[in-house]
Amino acid sequence: MAKSSRTSASSPGAGILRWLLGLLAIGIGLAVSGALVLGLALALAWPNLPALDALVDYRPKIPLRVYTADQMLIGEFGEERRRVVPIQEVPESLKQAILAAEDDRFYEHHGIDLAGVARAALINLREMRKVQGASTITMQVARNFYQSSEKTWSRKFYELLLTLKIEANLSKDEILELYINQIYLGHRSYGFEAAAQTYFGKPLREVSVAEAAMLAGIPKAPSRFNPRSNFPRAEVRQHYVLNRMLGLGYISPETYDAAMAEEIRLRSRSREDGPSLQANAKYVAELARQLVYDIYGDETYTRGLNVYTTVDSKLQQDAWRAVREGIFDYDRRRGFRGPEAVADLPQGLDTDELDTLLDEILSEHPDSDNLLAAVVLEASPERVVVARSSNEILAIEGKGLAFAKPGLASNASDSRRIRRGAVVRVYQGADGWELTQLPQVQAALVALSPDDGAIKAMMGGFDFDLGKFNRVTQAWRQPGSSFKPFVYAAALERGLTPATRISDQPYVLEPTHPGGERWTPKNYGNTYADSMTLKEGLARSRNMVSIRVLDAIGPKYAQEYISRFGFQPERHPPYLTMALGAGEVTPLQMAAAYAVFANGGYQVPPHLITHVTDTEGQVLMQAQPILAGNASARVIDARTAYVADSLMRNNVASGTARRASALGRSDVAGKTGTTNDSVDAWFAGYTPSLVGVAWMGFDQPRSLGQGEPGGGAALPVWLNFMETALKDVPEKRLPEPKGLLHAEGTVFFEEFPPGQAIASIGLDEDPLRDLLETLGVNEAVAQAPRSPLERIFGGGDQEAATRAQPDVPLQHQPAQPAAGGNSTANRAQNNSRDTWGGTMMVP
């Protein structure tokens, strides 16, 4: 019995032993498997690592430079401000500052600081968020090679392997030299030598301990911690580095005190960048870059090309100001929307904790020129305190709170309420700091010469840095009533005159098939007159008049006719909605089209670049623009351009564009445009010297709000620009061409004299019947189901069936030449092209 008892007692121990041995076997198996997988990964990945020659190649690439017509630099692409300095010439104070800021165990570890990783993990775990990283200098050199912010496991794995390869093949001093010469330090500066020149205007060997500490603090966040973009934050980071240098024994207490007390003097911007940054032409520079890249490919960024544009720096500055002010004015009319975001901002944070949180929050809300992002620390109806860093705290009171007052009211909605942690915008006005907001609406402005299509100024949006989408060239929007002049021009060539009387009564189009809907367009304001002249109809922008004009001449004819101005017919289906501007255009297209009126009837495709040179100044490409006056460029009758110009000058004198009369010039012509529900607001205006088009709307189409027509939203932008653009420019009028008759208080084409021109449309009498009889047109032909003037000039038999029908799917058809092979129409089609690329330049 005793033996049996001992055996049973030992059985549990044996079971535990077997269990432990099993776990050990599993562990060994997993370890072996892991080692095999790791070995396989290393075997596959190691040969694919880049050669170290690519890391030590310091050959600078010569950038692409873009200039205005008056040779002001407005853009550099592919540029690297890089000056190589051997490690022996690097001041000891800078080496120590870098080690203190980034990797104080650099000379002890082998590329991966395991102690640093553990320390960072414990700190981040304690804080429950990422507070400290564990990247070594060698790891940063490896990461810098890939030039990517991608955070995938495969990218991290390759960086880790490259770190080990660097450590295995280079000495510590060689690795530190790579870091000092290649790390990005903001403002296009690569390496500490270039940064010393950029920020302090001196060579690296001359920097003080205080300056070295400031430079060493930049790599953590080059865009936010450099002293040019955010000096208070750079100073906070500098103090951190100096404290670390003192704690590590790199500097004495006396040196520390002197460095903390030293006043940092930054290099003047003007010395480094000149007046080029004042041009605010980033949309221009980017478009020029795209055009050149289409030709030269990747060599664009290394060949040292110089691109000279047609843009005038002063006009570009005026355009930038006009667009920004126009958007601000609209935004303030619509009122305060609320904070951009609300972040969790605990009470009782120390300076370092506050700065870390502010950096995280504000990194998602970049500044927009003078609209600075800030985080609210405290808020009341009388006072709001905001912070951009622990050293940049602003108290805003009184008038500075006026705009944001609705967000400080006790009954403010949650989305509108300003409170601690709210992200807001601040602006320093004439009376001090103000609370404001970042506009959501967008605007575009383009100006060009009607003589040759040279683009003189272009603003593609509110802020290029917040989005590179260029609304001048890329936004396809409905033009609304700003498209009407092209329909009216087509009508002039079909026998209508400025005095043709047209019904303004409501227009109803019945459906042509079961289930269709009646089309009942309305005038703006839903007001109607009995009738009015064509001249009055355009000046007052009456939809009923425009629809009847288009119905009379035929939408198919109008679709063909507008192609002469450079429009794409397929984007303007041949229905009566064309009269209301229901097609699609870009602001650049509109500017080019209005230039045809401004120059007397010639299509001059827009162009942006005059010539391109190499580093030696040799011309590689030269523009050959089409000039107004060249017979091959004529696309409409000179008489049509002259009469249309007089109609639009009348629009400025007494119509919807009369606000433009504030310029005090007799040569200003133009047309407002507003789409349904004020989704798009336009003003297209010109003199024979300069064409300008302004647009305002939201990128995701929605209403601008009640009371925001083109004359109230877009015209002020255009007027603000033109007030300075046309200053000291002499007035100029189109000369009257031959072939016009003046009678009965209006003007007639000589082939449509009084008695033969169209006297009225849509009234009780039928002047068309009288005209048909005069011209001897057969009555049977007159009864064909076509638009009235198609009976005279010819056209498709299905015109009547397809001329309106908004409920019928759009039938995209290519434009055809006018009956009789109109030569100007054919020339227009031949000249139609991509107006800002391709054929713009020739070798």
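Reader: Which residues does Glu708 touch, not counting residues up to four places away in sequence?

Author: Glu708 touches Tyr330, Arg333, Arg334, Thr674, Ser678, Ala681 and Ala713, leaving out residues up to four places away in sequence. Contact means heavy atoms within 4.5 Å. This is a predicted model, where local features need pLDDT of at least 70 and side-chain atom pairs count only at pLDDT 80 or more, while totals for chains, interfaces and linings use all residues. Residues are numbered from 1 along each chain as its sequence is written, and side-chain values use heavy atoms, with hydrogens and water left out.

Reader: Is Glu708 buried or exposed?

Author: Buried means under 20% relative accessible area, exposed over 50%, and partly exposed in between (1.4 Å probe, protein chains only). Glu708 is buried, at 2%.

Reader: Where is Glu708 found?

Author: Helices (H or I, at least four residues) and strands (E, at least two) are DSSP runs, numbered from the N terminus. Glu708 lies in the loop between strand 20 (690-697) and helix 24 (710-713).

Reader: How do I read the faces of a strand?

Author: In a regular strand the side chains alternate between the two faces of the sheet. Both faces of strand 19 are covered: Asp680, Trp682, Ala684 and Tyr686 are buried on one side, and Ala681, Phe683, Gly685 and Thr687 on the other.

Reader: Which strand pairs with strand 19 over 8 bridges?

Author: Two strands pair if DSSP finds at least two bridges between them. Strand 20 pairs with strand 19 in the antiparallel sense, and a hairpin joins these strands through 2 residues. In strand 20, Val693 is the bridge partner of Ala684.
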